[in-house]
Amino acid sequence: MRNFLKIAEGVNVTPLLNAIYRKPDLWKADDFLRKFPQGPFGETDTIYLRFQDHVKVDTDEELELYKQNKLAGYDLHECPWRPEINELPEARALIMALMTSTGATRLGRCMINRIVPGGKIFPHADSKWHAEYWDRYHVVVQSEPGNVFRCGDEQVWMRPGEVWWFQNSIEHEVLNNSAEDRIHIVVDLRF
Amino acid sequence: MLTFAIERFSDVYGELLPLLYEHYAEISTHKDHGVELEPQVGVYRARETDGSLMMVIGRETGQIAAYFVCFIAPGLHYASCLTCSPDIFYVRPDLRMGRTGIRMFKFVEAELRRRGVKRWAVGSKVEHDASALFRYLDFQPVETTYEKWL
């Protein structure tokens, strides 16, 4: 395989899963991705643990500078922790362990994504500016047989407790054809 | 929604077993001769371990609705020819009138090509003829299997 690489298995994700089940209100705290216009995440719930601040720009020129990471006073890639991380210390432990074990030097977006049974993340490739800077990792918290993660012409079912790198710069999609929610932590790392 | 994936024998066998019994009751000639279904689980596990067993599982809302099981290894007489040999395949009866079989075999073909398989053999039973499917998928008939019970 060229687009997927399993880097670990047997990670104990049950304490985090239990915490997520205990705190269902966290799913509704922010729905930025789900409501992104014509975005691929309409059927995805997200808990944002670490994400870019919303930057208000006044002109198209400023927007373009921001996309090129040249807008004075802003770092396009900087992702501060969100308050939700304080509700889920179990997630922080997993994320920091991933950083340590891979030798990453910078931590980007960290999200917990949930796709309901029958739900999809529609085919898309991540933005060039983002995918070229970051590497994308998935920590599988809950996933039953019937989940299909396609990237290019390859597909895998990522099992609970596994950690995967995948190539998010090319077209990918997810189908949750199981009878249970699919829950992954998504982590961006820079090396 | 029906999706296909490569799954591991050790993960899926317990879930698959009831379907294997249904499959056996539908198509096996062994049952007509008093031979019970008795999969050699240890052999399947060994082939899973050595990488020669491939299982494609089709699921609908998590439930198994189709499967294709085969063995992949160099031909005994042709060491340079990676060969896919048939074991069993099954599609749930209510899904047989659509394109489920075609989709499953196309999924299998893509995976076999990815693995570098050169020759893919399949079997069609006289009482459960799948020839139309195989011809549609560009298989060529090359052999007829006979059996005699002793």
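User: Is A:F149 buried or exposed?

Analyst: A:F149 counts as buried, because its relative accessibility is 3%. Buried means under 20% relative accessible area, exposed over 50%, and partly exposed in between, with a 1.4 Å probe and protein chains only. This is a predicted model: local features need pLDDT of at least 70, side-chain atom pairs count only at pLDDT 80 or more, and totals for chains, interfaces and linings use all residues. Residues are numbered from 1 along each chain as its sequence is written, chains are lettered from A and ligands numbered from 1 in the order in which they are written, and side-chain values use heavy atoms, without hydrogens and water.

User: Which ring pairs with A:F149, and why is the pair called edge-to-face?

Analyst: The ring of A:F4 does. The two centres are 5.3 Å apart and the planes sit at 80°, so the pair is edge-to-face. Rings of Phe, Tyr and Trp (its six-membered ring) pair if their centres lie within 6.5 Å; planes under 30 degrees apart count as stacked, over 60 as edge-to-face and the rest as tilted.

User: Where do they sit in the chain?

Analyst: A:F4 is in strand β1 of chain A, and A:F149 is in strand β6, residues 147–151. They are 145 residues apart, so the pair links distant parts of the chain. Helices (H or I, at least four residues) and strands (E, at least two) are DSSP runs, numbered from the N terminus. A:F4 is buried too, at 3% relative accessible area.

User: How many aromatic pairs are there over all chains?

Analyst: The search finds 21. In chain B, ring pairs link B:F68, B:F89, B:F105, B:W120, B:F134 and B:F139 into a cluster.

User: New topic. What does the side chain of A:N3 reach?

Analyst: The backbone oxygen of A:C151, at 3.1 Å. A:N3 is found in the segment before β1 (4–8) of chain A. A:N3 is buried, with a relative accessible area of 10%.

User: And the core? How many residues has the largest nonpolar one?

Analyst: It has 29 residues, and A:L16 and A:I185 are among those with the most contacts inside it. A nonpolar core is a set of buried Ala, Val, Leu, Ile, Met, Phe, Trp, Tyr and Cys residues joined through side-chain atoms within 4.5 Å.

User: Which element gives the most to this core?

Analyst: α4(A), with five residues. Apart from this core lies another, of 25 residues, including B:L2 and B:M104.

Terms used: Polar contact = N/O pair within 3.5 Å; in protein donor to acceptor, adjacent residues only side chain to side chain.
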